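Subject: Structure handover and what turned up in it

Hi,

Here is the structure for you to open. My notes follow below it.

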Amino acid sequence: MSSTSSSAASDTSVYLDRLAKVRASMVEQNVDTVMVSVGHDLPYLSGYSAMPLERLTMLVVQREGAATMVIPGLESARVEPQPGVFDLLPWSETEDPTAIVAKLAAGSKRIAIGDQMWARFLVELLPHLPGAEYTRAVDVVGHLRMSKDQAELDALAAAGAAVDKIAGELQRGEIPLVGRTEAEVSAHLGRRIIEEGAQKVNFAIVAAGENASSPHHHPGDRVIKKNEIVLTDFGGTMNGYCSDTTRCVFTGEIAPDVAEAYEVLFEAQAAGVAAATVGTPCQDVDRACRKVIDDAGYGEYFIHRTGHGIGLEAHEDPYIVEGNALPLAHGHAFSVEPGIYIPGKWGMRLEDIAAATNDGPVSYNNSDHHLISVDA
């Protein structure tokens, strides 16, 4: 069965256009050959997602010449042909695939390698191409992947709408919490993510009470109790594109200290989305969230960046963090997720996926943003 990156890139013309842009970028950066293996650059450029096998799959893109998919023979039937995009070159079990790749790249002085390519294949490749200089393929492809076209933005919107349904169920008390373990609720969320159309669950964090003060808490056997905050952060991959949302609920009457902090968090998150306009440096979105939290006296408890890019990967460029002066451009998609974490007591985070567009910031998560008391 073939494996395509998404319905957002379902015809050959999309990949031809992307490869043309890659080759233009190669000219600008004086790169002779790009090599991408496992990871998301491969489906972005070819529509094919390689299994992470010990057998080498490699798309070899020449600046002046063809693109060739070097693939284990037993995997070739999974590839959907893309005429004019790449040639398929299967290799047999007795052949050396790195030698085949090296022959395709013969004469290359500067080669860009995909970040996710296994180190073993690079180590095997080096002796075949002595004297070549190596750089990262993200420097060639990354800025192209950052700027989503409308089909990609639509795919992110659809993925966001799917998890919004689940967040709504949580907020209406339709997902039982009290008396269940975090792991049980996490499994429930995971099932719902698949039922809403995702092909894969990427994560389903459930953190109750003091566990919510750990941003990436792993849900375990902690039983959820009455009168405590429950943080849920979940998402999946639907038609190749990722979702990611965080909502908190309170299992009873909301404690005054939690309510006070959440009002600050609510304001900070809204300020971050509003700041995410085309031309604004990524770090200024982080600063917009952080200023609200700092001014309210919770600054030391906001312990992570404001956000990460999202698309084919749950975390990719651009990162919404101090020190990243990259101006947002139309089609950049990213999370806005400030948090406040009081060690040993409680934590809270509020997250939407947003995009910078020429018409202003757009949010792809529209479930209720308030902290809701649930009797569940």
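Axes are lines fitted to C-alpha atoms, for helices over the stretch in contact, and angles run from 0 to 180 degrees between N-to-C directions.

The model is predicted: local features need pLDDT of at least 70, side-chain atom pairs count only at pLDDT 80 or more, and totals for chains, interfaces and linings use all residues. Residues are numbered from 1 along each chain as its sequence is written, and side-chain values use heavy atoms, with hydrogens and water left out.

**Helix pairs**

Take α8 (residues 256–275) and α9 (residues 282–295). Helices (H or I, at least four residues) and strands (E, at least two) are DSSP runs, numbered from the N terminus. The two axes come within 8 Å and cross at roughly 160°. α8 and α9 are therefore roughly antiparallel to each other. Their crossing is right-handed. (A crossing is left-handed if the near helix is turned anticlockwise from the far one by less than a right angle, and right-handed if clockwise.) On the α8 side, the contact is made by V264, E267, A268, A271, G272 and A275. On the α9 side, V285, A288, C289, V292 and I293 make it. Contact means heavy atoms within 4.5 Å. These residues divide into nine nonpolar, one polar and one charged.

Now α1 (residues 12–28) and α5 (residues 138–146). They pack at an angle of about 135°, with their axes 9 Å apart. That makes α1 oblique to α5. This crossing, too, is right-handed. R18, K21, V22, S25 and M26 of α1 meet D139, V140, V141, H143 and L144 of α5. The contact holds five nonpolar, two polar and three charged residues.

**Cores**

A nonpolar core is a set of buried Ala, Val, Leu, Ile, Met, Phe, Trp, Tyr and Cys residues joined through side-chain atoms within 4.5 Å. Buried means under 20% relative accessible area, exposed over 50%, partly exposed in between (1.4 Å probe, protein chains only).

Which residues touch the most other members of the largest core? They are V34, L59 and V140, out of 38 residues. Helix α1 gives the largest share, four residues. Apart from this core lies another, of 36 residues, among them F250, V258, A261 and W346. Leaving out residues up to four places away in sequence, V34 touches M26, L59, V60, V61, A112, A137 and V140.

**Buried spots**

In α3 (residues 97–104), P97, T98, I100, V101 and A102 are buried. Their cover includes β1, β2 (58–62), β3 (67–72), β4 (87–91) and α4 (119–125).

T68 is in strand β3. T68 is buried, at 8% relative accessibility. Beyond four places in sequence, T68 touches M58, L59, V60, F86, D87, L89 and L104.

T57 is in the loop between α2 (41–46) and β2. T57 is also buried, at 6%.

E152 lies in α6 (residues 150–171). E152 is buried, with a relative accessible area of 2%. E152 and L312 are 160 residues apart in sequence, but 9.2 Å apart in space, C-alpha to C-alpha.

**Backbone exceptions**

Most residues other than glycine have a negative phi, and most peptide bonds are trans.

- A cis peptide bond joins D317 and P318, with omega about 0°. P318 is in strand β12 (residues 316–320).
- N30 has a positive phi, near 55°. N30 sits in the loop between α1 and β1 (33–36), and is partly exposed at 48% relative accessible area.
- N239 has a positive phi, near 55°. N239 sits in the loop between β8 (229–238) and β9 (241–242), and is partly exposed at 37%.

Best wishes

Note on methods
Parallel < 35°, antiparallel > 145°, perpendicular 65-115°, else oblique. Nonpolar A, V, L, I, M, F, W, Y, C, P; charged D, E, K, R; others polar.
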